[in-house]
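Good morning, and thank you for coming. Please look at the display as I speak.

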Amino acid sequence: MRSQNRTRVTLARWSSLGIAALAAGAVAFAAAYAQEIVPRLTGAAHPMEDVAASPLPSPVVDDQRRMRNYPEQPPIIPHSIDGYQISLNANRCLECHRRQYTDHVRAPMISITHFQDRDGQMLADVAPRRHNCTACHVQQTDAKPLVENDFRDMLNLLPVGEK
């Protein structure tokens, strides 16, 4: 019996020492973070500080259709969509891009895939799962790229700089 009690006491001591070591490590890490030894992931500003947002990039509104960068890329929106309402009861995009209106306004008709339900059955109108246009289609802007891009079209087999 006594050896079992000693084992329990020894395990309790080791576990309390382990907890103390973890707590000391957490305190040391917090002190290092407070002294800026560990770099901030949120940038130079204090994370709870009010920072002015940078201005939104200007939309490209030339109505020129752009070539897609890769197969199955959703087309970009080549005009301003400020103030467009997209909800369960209204969709401003469909006022021009619905099949029956494209002839009058010369807008491209939405893809036939937008008329299919989950089971592939064709519907008379846009499928409910395709009703939120801006979930896939984005407006073209004059924003600077976040990273340098050396993208080449898959049909262009020449290495960069050999044209």
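The lining of the largest pocket, in this predicted model, comprises 26 nonpolar, 13 polar and 9 charged residues. Altogether 48 residues line the pocket, and the space inside amounts to about 1500 Å³. Which residues lie nearest its centre? They are Pro74, Pro75, Ile76, Ile77 and His137. Helix H2, which covers residues 94–97, gives the most to this lining, with 3 residues.

Let me now turn to Ser58. This residue sits in the loop between helix H1, residues 2–34, and H2. If we set aside neighbours within four places in sequence, Ser58 is in contact with Thr141 and Asp142.

My next topic is charged pairs. As a general point, side chains of opposite charge can pair when their charged atoms come close. How many salt bridges does the structure hold? There are 4, and I shall discuss some of them.

One of these joins Asp62 and Arg66, with the closest N and O atoms 3.1 Å apart. Asp62 is partly exposed, at 36% relative accessibility. Arg66 is likewise partly exposed, with a relative accessible area of 37%.

Another salt bridge is formed by Arg98 and Asp125, whose closest N and O atoms are 3.2 Å apart. Arg98 lies in the loop between H2 and helix H3, residues 102–105, while Asp125 lies in the segment after H3, so this pair ties together parts that are 27 residues apart in sequence. What of the accessibility of the two partners? Arg98 counts as buried because its relative accessibility is 19%, and buried means under 20%. Asp125, by contrast, is partly exposed, with a relative accessible area of 35%.

Finally, the side chains of Arg106 and Asp103 meet in a salt bridge, at 3.5 Å from N to O. Here Arg106 is exposed, and Asp103 is exposed as well.

To close, I would ask you to find two places on the display: the pocket centre, with Pro74 and His137 among the residues nearest to it, and the salt bridge between Arg98 and Asp125. Thank you for your attention.

Technical notes:
Residues are numbered from 1 along each chain as its sequence is written. This is a predicted model: local features need pLDDT of at least 70, side-chain atom pairs count only at pLDDT 80 or more; totals for chains, interfaces and linings use all residues. Side-chain values use heavy atoms; hydrogens and water are left out. On a 1 Å grid over the protein atoms alone, a cavity is a set of points where a 1.4 Å probe fits but cannot get out, and a pocket is an open set with protein on both sides within 12 Å along at least five of seven lines; lining residues have an atom within 4 Å of a point. Grid points are joined across faces, edges and corners, and a volume is the space filled by probe spheres set on the points. Helices (H or I, at least four residues) and strands (E, at least two) are DSSP runs, numbered from the N terminus. Ala, Val, Leu, Ile, Met, Phe, Trp, Tyr, Cys and Pro count as nonpolar, Asp, Glu, Lys and Arg as charged, and the others, Gly among them, as polar. Contact means heavy atoms within 4.5 Å. Buried means under 20% relative accessible area, exposed over 50%, partly exposed in between (1.4 Å probe, protein chains only).
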